[in-house]
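Look at the model first, then read on.

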Amino acid sequence: MTKVAGIDCGTNSIRLILAQGEGGKISSFCKQMKVVRLGENLEKTGQISEQALRRAFAATEEYARQIEGFGAQRVRFVATSASRDAKNSDVFADGVEKILGVRPEVIPGTQEAHLSFVGALSGPEPDFPALIVDIGGGSTEFILGDRSGQKSLSTKMGSVRFTERYFPGEDGIDLRSGACERARERTRELIRAADAEVDLSRTRSLLGVAGTSNTVMAMALGLSYDNQEALDKAVLTCEEMIAACEKMATMTVGERAHLPYMPSGREDIIGAGALIWKEIVAAVQEKSGIESVRCSSRDILDGIALSLL
């Protein structure tokens with residue numbers, strides 16, 4: 001068995017997977033997440049702030065100790081949306097390399113999409129062509145296809161990006177507000193771009209990966225966010241998912257924080273993420289005629305681990 005470690009650093013969180021496997025398959029793994037908000041105010045300043053760098057480096061130091069204790073034979077660190085956008089991403093990469101001994105790969109959206117698709121397919125297999133949607137803090141990836149090939153588009157919409165742009169300081173989103181309408185129109189514009197690239201009408205199953213979709217699914221079913229096996233098997237109608245998204249978006253930050261399935265550090269940005277997911281589910285249902293939606297705990301982090309096996 002080969003021991004590997006993968007780190008995914010996005011706009012909101014930095015996550016670690018420690019896995020064992022062989023022959024391109026994972027046999028056992030454990031995951032961790034820390035919210036570092038690397039992309040905080042990035043859209044305004046164009047740079048990763050000193051505070052965000054400190055948070056990210058502190059998390060990396062802790063992960064480095066765990067990786068050493070685990071005895072990982074191969075390590076890969078992938079950085080996505082915030083690092084792609086930041087003018088000072090080299091400062092971040094230099095700091096991580098000094099701590100970990102491995103330089104972060106700032107990957108393009110196409111590669112992020114591919115890793116997310118590969119990771120998602122390591123869980124329960126969907127009907128093909130499958131549309132995998134990965135809503136992150138700074139970007140959302142649309143990947144449609146099967147094991148033999150995919151089309152994808154990475155878009156600049158995410159829970160942190162849209163919270164800062166449309167809902168700064170929000171404490172429950174008013175679905176009738178001008179800000180919500182502007183966010184909705186921008187989301188629909190980017191969904192149309194995704195449709196032009198991947199053809200959403202070909203979708204036979206819709207699968208949401210990463211924090212937003214999984215947390216909304218947990219709320220709809222009253223499941224623990226840590227009960228990933230149950231979440232992976234769960235199915236909601238599109239209407240049920242849309243209703244759950246609206247409920248999540250309109251809750252106050254304090255109400256979200258007290259939910260047993262809300263990961264700490266997601267409560268102040270998931271409202272915007274839920275609105276993005278709602279619009280995607282509705283658009284895909286209209287285009288393709290699908291009636292249900294699933295979520296998966298397997299995502300880019302699993303894809304990173306698989307790339308090392």
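Q: What distance separates the centres of domain 1 and domain 2?
A: This is a predicted model, where local features need pLDDT of at least 70, side-chain atom pairs count only at pLDDT 80 or more, and totals for chains, interfaces and linings use all residues. Residues are numbered from 1 along each chain as its sequence is written, and side-chain values use heavy atoms, leaving out hydrogens and water. The chain divides into domain 1 (2-107) and domain 2 (124-300), with bounds from an automatic or database domain assignment. Taken over C-alpha atoms, their centres are separated by 23 Å.

Q: How many residues of domain 2 are in contact with domain 1?
A: Contact means heavy atoms within 4.5 Å. Domain 1 brings 20 residues to this contact, and from domain 2 the number is 20.

Q: How many salt bridges are counted between domain 1 and domain 2?
A: A salt bridge is a side-chain nitrogen of Lys or Arg within 4 Å of a carboxyl oxygen of Asp or Glu. Arg-15 and Asp-299 form one, with their closest N and O atoms 3.0 Å apart. Between domain 1 and domain 2 the count is six.

Q: Which element gives the most to the side of domain 1 that touches domain 2?
A: Helices (H or I, at least four residues) and strands (E, at least two) are DSSP runs, numbered from the N terminus. On this side, β3 (25-35), α1 (42-45) and α3 (81-85) each supply at least two residues. With four residues, the one that gives the most is β3.
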